[in-house]
Amino acid sequence: MRIDIVTIFPAIFDALDISLLGKARQNGIIDLRVTDLRTYTHDRHRTVDDTPYGGGAGMVMKPEPWGEALDAILGVQDVQSAVLDGDPVVIFPSPAGEVFTQRMARHLAEEEHLVFGCGRYEGIDQRVFDDAHSRARVRLVSLGDYVLNGGEVAALAMVEAIARLIPGVVGNPQSLVEESHEDGLLEYPSYTKPPVWRGREVPSVLLSGNHGAIAAWRREQQLERTRRVRPDLLSED
């Protein structure tokens, strides 16, 4: 998979060079490219923002540098061309977008090319989204009902959630199956050695060797935790 990230703070994404994602980049599983938006400015101050039309607080990111950056990544096409399923997906992290979920991460992990556009200030000129939509599938995506200073932290989280689902990134694929949200429930609690720590014992069923009993216990723990912490995930049935 190819992943492009456009940002005015490229150093933030140095974190993607470590751990499993760093190894995936080294092994050619992920082709990750970070573009500094200011590369596509043409004034002495490398300006990427300006005051909003209609007034209001804050600044809005200008369309010109965004247009040139996306031209370089997506190529320039006739604005009337149809956007097909095989075209890149351009994701703009935004509190005004649809909420990011594990289901979305799994679907995006099947794409060939993702582009993340990290906005700042009061956001990006709407015409950038409209222009990108003429040659790619555009999605505004939110991590949740809160506001960050910019899209970089959200993009980092989404890239990790998506990339770890790509075959070959995580060493043991089975570990991806037994995680929170994969079956609509939260994950069961985990334990390791020693069997007793500070007077707290590992549940005896996990030491029994009875795999059927262990599976049943884990399922019940998933249901109990989900009822307590995220009842919204459970069906009304």
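Guide: Helices (H or I, at least four residues) and strands (E, at least two) are DSSP runs, numbered from the N terminus. This is a predicted model: local features need pLDDT of at least 70, side-chain atom pairs count only at pLDDT 80 or more, and totals for chains, interfaces and linings use all residues. Residues are numbered from 1 along each chain as its sequence is written, and side-chain values use heavy atoms, leaving out hydrogens and water.

Start at Leu-206. Leu-206 sits in the loop between strand S9 (200-201) and helix H7 (211-229). Leaving aside residues up to four places away in sequence, Leu-206 is in contact (heavy atoms within 4.5 Å) with Tyr-191, Ile-214, Trp-217 and Arg-218. Trp-217 lies eleven residues along the chain from Leu-206, and their C-alpha atoms are 8.6 Å apart.

Now the interior. A nonpolar core is a set of buried Ala, Val, Leu, Ile, Met, Phe, Trp, Tyr and Cys residues joined through side-chain atoms within 4.5 Å. Buried means under 20% relative accessible area (1.4 Å probe, protein chains only). The largest core has 31 residues, and Ile-5, Phe-100, Phe-116 and Ile-162 touch the most other members. At least two residues each come from S1 (2-7), H1 (19-26), S5 (89-99), H3 (102-108), S6 (113-117) and H5 (152-163). H5 contributes the most, eight residues.

Take Ile-5. Beyond four places in sequence, Ile-5 touches Phe-13, Leu-16, Leu-32, Arg-33, Val-34, Thr-35, Phe-116, Cys-118 and Val-159. There is also a second, separate core of 18 residues, including Val-48, Val-90, Val-115 and Ala-132.

Key:
Buried < 20%, exposed > 50% of the residue type's maximum accessible area, 1.4 Å probe, protein only.
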